[in-house]
Amino acid sequence: MLGKGLLQGLAVTAKNLVGSYHDPARYVTQEYPEVQPKLPEAYRNFPFLVSETADDPMGTLRCVACQICEKECPPQCIYIEKSKDKKPDANGKLQIYPAVFAIDTAVCMSCQICVEVCPFDAIKMDQEFAIAATDRFDGLLLNREQLAKPNAYYHQIHPTEASEVDARLAAERRAAEEKARLAAAAKAAAPKAAAPTAAAAPGVPAASASPGSIPPPGPPPSSS
Amino acid sequence: MESPEALRDRLLARFPGASLELVANGSPSGQVSFRIDPAFLREVARFLRDDPELALDQCSNVTGLDSPDREVVETVKESQPGAPGGPPVVTERKQTRIAPGHLEVIYHLYSVARRHGPVILRARTGNRTDAVSLPSLTPVWRSCEFQEREVFDLYGVVFEGHPDLRRILMWDAFTGHPMRKDYVEPDDYEWEPTPHGDVLAKARRHYPSAAAPGAAQPSP
Amino acid sequence: MMLPDPASTGLARVRKIEGSALGLRTPAFAPEEGAGDLLEVSLGPHHPSTHGVFRMDVVLDGERIVRLKPVFGYLHRNHEKLGEGTSYLGSMPYTDRLDYLNSMTNNWAYAIAVEKLAGIAVTERAEYIRVILAELSRLLNHTCLAGFLMQDCGCSGTPLMYAFREREKILDLFESLSGSRMMCNFQRFGGCRVDPSAEWLAATRKLVDGYGAFLDEFEALLSGNEIVMARTQGVGRLPAALAVNAGVTGPMLRASGVGHDLRKVDGYGVYPRFNFRVPIGREGDVYDRYMVRMLEMRESISILDQALRGLPGGPILDPKSKQRGLRPKAGEAYGRIEGPKGEIGFFLVSDGTGNPTRYRVRAPSFVNLTILEDLCLGHSVADAVIILGSIDIVLGEVDR
């Protein structure tokens, strides 16, 4: 019968019209911004730099300015300048730090390759998406201070991933301490024929435990 | 499908006088290809399409390739007669020569009817400047029509016998062929300084007054 | 339905101006002298029915099209040149932006090309995950296409909104797995990036189980609708011989009655393990192209069901596999898969360095557009709009 298909179609639209009042599967829109979207844990937007603490973000950045992310970034939106001096990292080991670390979020395409290639778990993906700005440079070219966010924030947005990273970093730290301890023990047990300076060597990594030997983490040279 | 060597022999028997070379492929993919004399390209293509055993009825992909002129350093051995009765004196000398560049077009052929492939054809132009024409395969496979226009647009290969050879991705007034290796991009497009030296330097060159030093420096 | 009688369409008044020296090329038409003025119209580039920034230079004789030249390139960013300047890994997120509806299949096609080039084996679990994501992507693409096509026919809004509602559910799955709805950047050489959790798999199972019901409803709305049939049947017929010769692939080729599906022909990945059929059309018109896609979605649901049930354990990526700093041996490889729009292939030439010397994308939308003029000749402008819609183009891929 001609028109049967049309009537069938009208029945479908009627079902959807009624369904949109009571069936969540048929009424899926949200009243943004009154209702904020519930983002999945994996959601990624732009990168941020992980710092160990919130009090001293510049002093506890995990980034050691190795520039791998800068090289691998497909659209080349990362700009890093290495520091001239060294600062102790979370483990107390002296490391180079980024004197300049800028990400041009107008160029960034949120591909996450910087996160994948970072060997230090220092750069992670943020979930902040409402970042409209009135000026292309003031608002969208993010510098080191704007990029740094504490590890606690990372735990807040990606809890599973952050716990894995923390566990891995802790295991690496333990392994390194164990290795240093074994090396020290081996050297101590070595025959006295070894030069006396070698015996003193094990003390060097341990020296990081004494805070007095660390230069105070003053303001980075380029932040003025 | 027959082996590439058998196919080469069959083609050589069918087209005496055609220069046909089997190009090896160093990658694990093992996709070997046939480099064909442009003069015979269309005849060979038509044969491959119509041969009942091959029935390569689909030209899936047309690729342009640019090989610029490059310097080749060669070691030349020269032997001069030495002292009477003694061995000849051999001197080695390094010389550089310019290996002329060329443009190349690669066709990936498959058979929909017999479900095999790819058979890969390649043909080279004489050089990159004035002898850049190759016969078009659009009369054999319609699928080449837009793809050859693209190769013409981006590489500058002129396809003889193409029904409608115009630029396709770039606009008609555009000059140059952007996919060539030696293409220099213009510095007067709409620029936006980024944290990167290259773009910034280019912007300063083109707009010395606009891009004042420090305007786009990242301000940490 | 048959094509209308030529005498009633105005075709009787036109004569051939080009011989058919080009084999299968459909001859262009021009009016006889004194038959009336021709009108040249530019359709697009900024129009919803052109599916992006796309223009058609149309010459009209009354309402009938006597010449049509597609003009594109507005979105051209020389993707292939970018690929030459980027590392193998770095090109992966760029492939998301080709056919931006189907980043999962673009990723897979590129990964297959690199795996062929460098001789990388893929882990078993990753092969299954790839199939699951590719079939979800096919569902998403075909659902959207049906919505867009109906929009082009003039069904203002309703089917498209239903299609987008369901699409969003698939995009939610992509987002919770890869972190991004459309720019997934998910596949890696030899596997994929994230291992789906049990919750994700359960959510996918739920969607797959419910998708058949949505399709039933969608088809009740559209497939038997008399207006849709009158509008699409007999429009834009594509003969099988021309389709093959013109390199047309995907649902468009199958609608013309050619049973060519790379999932069967090449049997890449683990597709040979699944039991599915390849729907083909008979008339090769717009309605068949719509119907083939609807039937393909049913098969995709079946594949998804089998893949979810058969998903093996194990690693998704060999931990020693190299992603960054990949330097394949000098050589070349062409890898292709059956994307939702047709054969998507990548041709890579390596010279042994970290960047390919040639990175070529064989985009299905681009090649399928070749026969647009042939399909539209003799039809009205309104038909040209739905013919373009039935080809299923995405300008990100056409223009590259």
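This is a predicted model: local features need pLDDT of at least 70, side-chain atom pairs count only at pLDDT 80 or more; totals for chains, interfaces and linings use all residues.
Next I looked up where A:Tyr21 sits, and found it in helix H1 of chain A, which covers residues 4-22. I also wanted to know which residues make a nonpolar surface patch here. My note says A:Leu17, A:Val18 and A:Tyr21, with a patch area of about 380 Å².

**Chain A overall**

I zoomed out to the whole chain. Chain A has nine helices and six strands. It runs to 224 residues, and 37% of them count as buried. For its accessible surface I wrote down about 13,000 Å², with 62% of that belonging to carbon and sulfur atoms. I then checked contacts in chain A with a separation of 6 or more: 68% of these come from residues 24 or more positions apart.

**Chain B, strand E7**

Which strands of chain B pair with E7(B), residues 116-124? I found E2(B), residues 33-36, pairing with E7(B) in the parallel sense over three bridges. In that pairing I picked out B:Arg35, which stands opposite B:Arg122 of E7(B).

I then turned to E6(B), residues 102-111, which pairs with E7(B) in the antiparallel sense over seven bridges. Here I saw B:His108 opposite B:Ile120 of E7(B). E6(B) and E7(B) make a hairpin, and I noted four residues between the two strands. B:Arg115 lies in that turn, and I jotted down its positive phi of about 55 degrees.

**Chain C, a three-stranded sheet**

Last stop was chain C, where I traced an open sheet of three strands, ordered E3-E6-E7 and paired antiparallel. Why is one side of E3(C) and of E7(C) left without a neighbour in the sheet? E3 (39-43) and E7 (64-71) stand at the edges and have a single partner strand each, so one side of each has no neighbour in the sheet.

What lies across E3, E6 and E7 of chain C? I found helix H15(C), residues 381-391, running at about 40 degrees to E7(C).

Key
Residues are numbered from 1 along each chain as its sequence is written. Chains are lettered from A and ligands numbered from 1 in the order in which they are written. Side-chain values use heavy atoms; hydrogens and water are left out. Two strands pair if DSSP finds at least two bridges between them. Contact means heavy atoms within 4.5 Å. Axes are lines fitted to C-alpha atoms, for helices over the stretch in contact, and angles run from 0 to 180 degrees between N-to-C directions. Patches are made of residues with over 30% relative accessible area and no salt bridge: like charges are joined within 9 Å, nonpolar side chains (Val, Leu, Ile, Met, Phe, Trp, Tyr) within 5 Å. Accessible areas come from the Shrake-Rupley method with a 1.4 Å probe; for residues, only the protein chains shown count as cover. A salt bridge is a side-chain nitrogen of Lys or Arg within 4 Å of a carboxyl oxygen of Asp or Glu. Buried means under 20% relative accessible area, exposed over 50%, partly exposed in between (1.4 Å probe, protein chains only).
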